[in-house]
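Please read them with the structure open.

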Amino acid sequence: MIIAERKPFEEIKEMLKSYNNVLNVGCGGCTSICLAGGQKEVNKLNAELTKEIPALKIDGYVIERQCNYDFFADLDEKASQYDAILSMACGAGVQFVAERYTSIPVFPALNTVFCGVDRNVGWFEENCRTCGECVLGETAGICPVTRCAKGIFNGPCGGTRIDGTCEVDKNTPCAWTDIYNRLKEQGRVSNILDVKPIRLWQNQTRRSLIQEDYKARYAE
Amino acid sequence: MKSGSNLEKVLTAGHFAFTGEVGPPRGANVEVIRKKAAFLKGNVDMANMTDNQTAMVRMSSWAGSMILLQEGVEPNYQMVCRDRNRIAMQSDVLGAYAHGIRNMLCLSGDHQQFGDHPNSKGVYDIDSVQLIGMVKKMRDEKTFLGGDKLDEAPEMFIGAAANPFGQPFEWRVHRLAKKVAAGADFIQTQCIFNMERMREWIHQANDMGLTEKVYILAGVTPMKSVGMAKYMKNNVPGMDVPDWIIKRLQGVDKKKAADEGIKIACEQIAEFKETKGVAGVHLMPIEWEHKVPEIAERAKMLPRPVV
């Protein structure tokens, strides 16, 4: 899931300062689940904005997902009534809204932080950098790109502490120490004995993807 | 000869190598390097020029290496993966070679979070093991990483680092093996204080036949004081400082602690000289370059062989 957090209030206030009639659009997808941009968070932000900027007219509306136009029908009707839109979706959703209503300024209320998991209620951890070439099968289900501070493929580096923590932080386990230990437990250390070749990074330009089964459909 | 560097000549002639290290200045002050070089000249076979160590901005290591060359000290050009992508790295290797640099050390680099620009974007396009392979490919196959031919090969003597101490300990020798497989010609180890672990690691390296394929230079750092020993033990990642070192430094008068530190270093060097699989010592006296002549003398490393 995409994890996001709300921008500082002052930053949001600054973005909206030239507008009097704003629609705050929540997202029922990831940002709702990670407690950053669902109905509850839309209501909370709008209450704060109303209190701080009495002249501002701000409404709230949550759509199922801001990353799919199938869910935009209601929004299409409402959008033109406002002079700005605030989006509580991830960066992908904000851009999709902006692309849909090009005459209306669209502002992000959130910072999109990472692709991760719920460690507990309201507590999330990054687990994937969407590099486009997954090696988790070799590395015992521990991502070296995300979890190693240097993202190296032939670790651990010389900075691992004596107790097996990362040089960057005494409380962060060294990803490669964990990879080694888990592979050892599974009898698969041979996975990492050979030098891993230099990566051909896939994520340096914007990517688009059509699933194999749909290629014929979009052939033109 | 792969590079014809002095270090390579010393090692292939079977001499016990003795190398030093210089940290470049935090500014454009050339005199700082010249002064440090003067202490090293004739006392070491070559000296490392560190690359923005601890992620603090300093004069670039290839530029510092050039100044060492001018001063008659053979440089070992350190290059970290933190700050450059594969394009810049290959370009710098060519440039360094063009100016007469013949040794280089391929490192991951201390994470940028340690330094004075903690929120800079770390590059790590490739890692240190892959960097070794890339330089070897340029040297031996006259080929860029991307596959194109290059016109004149940078004939570098390729170095790499090894840390015999970090966790997981039993994996450390395998990481050395990966660096050897990638093409490292020589290895400089992390500062060694835990001699027991070092002995075990070298024993493993001997057993795996690695020491026949690569020259291992054991890293030695003389402790200047009890405070330094405690700091290194508690605050420097990757360091393994056993209590006996601290106790020995505490056991002498405060004014004699530095001398005791040098004594310990000399004892280590004497042992390494007799250790199968250790081809030399890499001396890293941290901001203590002026002590190198004394340490070289007391460790019986002088005169240096002329080959």
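1. Domain spacing in chain A. The centres of domain 1 and domain 2 of chain A, taken over C-alpha atoms, lie 34 Å apart. Domain 1 covers 2–114, and domain 2 covers 129–220. Keep in mind throughout that this is a predicted model.

2. Overall form of chain A. Chain A holds 7 helices and 9 strands. Along the principal axes, the C-alpha atoms of chain A fill a box of roughly 65 × 50 × 25 Å.

3. Burial and contact range. Buried residues make up 32% of the 220 in chain A. Take the contacts in chain A between residues at least 6 apart in sequence: 55% of them join residues at least 24 apart.

4. The interface. How many residues of chain A are in contact with chain B? The count is 24 residues of chain A, against 28 residues of chain B. On the chain A side, 12 of the residues are nonpolar, 8 are polar and 4 are charged.

5. The open sheet of chain A. Four strands are involved, in the order 3-2-4-5, and the pairing is parallel. Strand 3 (57–63) and strand 5 (106–108) of chain A stand at the edges. Each has a single partner strand, so one side of each is left without a neighbour in the sheet. On average, neighbouring strands of this sheet are turned by 25° against each other, direction ignored.

6. Inside that sheet. Strand 2 (residues 21–27) and strand 4 (residues 84–87) of chain A run parallel and are joined by 4 bridges.

7. Helix 3 (residues 39–52) of chain A lies across strand 2 and strand 3 of chain A. It runs at about 175° to strand 3 of chain A. Helix 5 (residues 91–100) of chain A also packs on the sheet. Helix 5 touches strand 2, strand 4 and strand 5 of chain A, and its direction makes about 175° with that of strand 5.

8. The barrel of chain B. Here 8 strands close into a barrel, in the order 1-2-3-4-5-6-7-8, with parallel pairing. From one strand to the next, the twist averages 30°. As an example, strand 1 (residues 17–22) and strand 2 (residues 46–49) of chain B pair in the parallel sense over 4 bridges. Thr19(B) stands opposite Met46(B) in strand 2 of chain B.

9. Gln113(B). This residue sits in the loop between strand 4 (103–107) and helix 5 (128–140) of chain B. Is Gln113(B) buried or partly exposed? It counts as partly exposed, because it has 16 C-beta neighbours inside 10 Å, and 20 or more would be needed for a buried residue. Leaving aside residues up to four places away in sequence, Gln113(B) touches Val168(A) and Pro118(B). Cys191(B) is 78 residues away along the chain, and the C-alpha atoms of Gln113(B) and Cys191(B) are separated by 22 Å.

10. Tyr124(B). Tyr124(B) also lies in the loop between strand 4 and helix 5 of chain B. Its phi is near 45°, a positive value in a residue other than glycine. Tyr124(B) is buried, with 25 other C-beta atoms within 10 Å. Please check the backbone here.

11. Leu35(A). Phi is positive here too, at about 65°, although Leu35(A) is not a glycine. The residue is found in the loop between helix 2 (30–33) and helix 3 of chain A. Leu35(A) is partly exposed, with 17 other C-beta atoms within 10 Å.

12. Cis peptide bonds. One joins Gly155(A) and Pro156(A), with omega about 0°. Pro156(A) is placed in the loop between helix 6 (144–147) and strand 8 (165–166) of chain A. Another joins Leu302(B) and Pro303(B), with omega about -5°. Pro303(B) is found in the segment after helix 11 (292–298) of chain B.

How values were computed: Residues numbered from 1 in each chain as written. Chains lettered and ligands numbered in written order. Predicted model: local features only at pLDDT ≥ 70, side-chain atom pairs only at ≥ 80, totals over all residues. Helix = DSSP H or I, 4+ residues; strand = E, 2+ residues; numbered from the N terminus. Buried ≥ 20, exposed ≤ 12 C-beta atoms within 10 Å, placed from the backbone. Contact = placed C-beta atoms within 7 Å. Domains from an automatic or database assignment. Nonpolar A, V, L, I, M, F, W, Y, C, P; charged D, E, K, R; others polar. Pairing = 2+ DSSP bridges. Axes fitted to C-alpha atoms, helices over the stretch in contact; angles between N-to-C directions.
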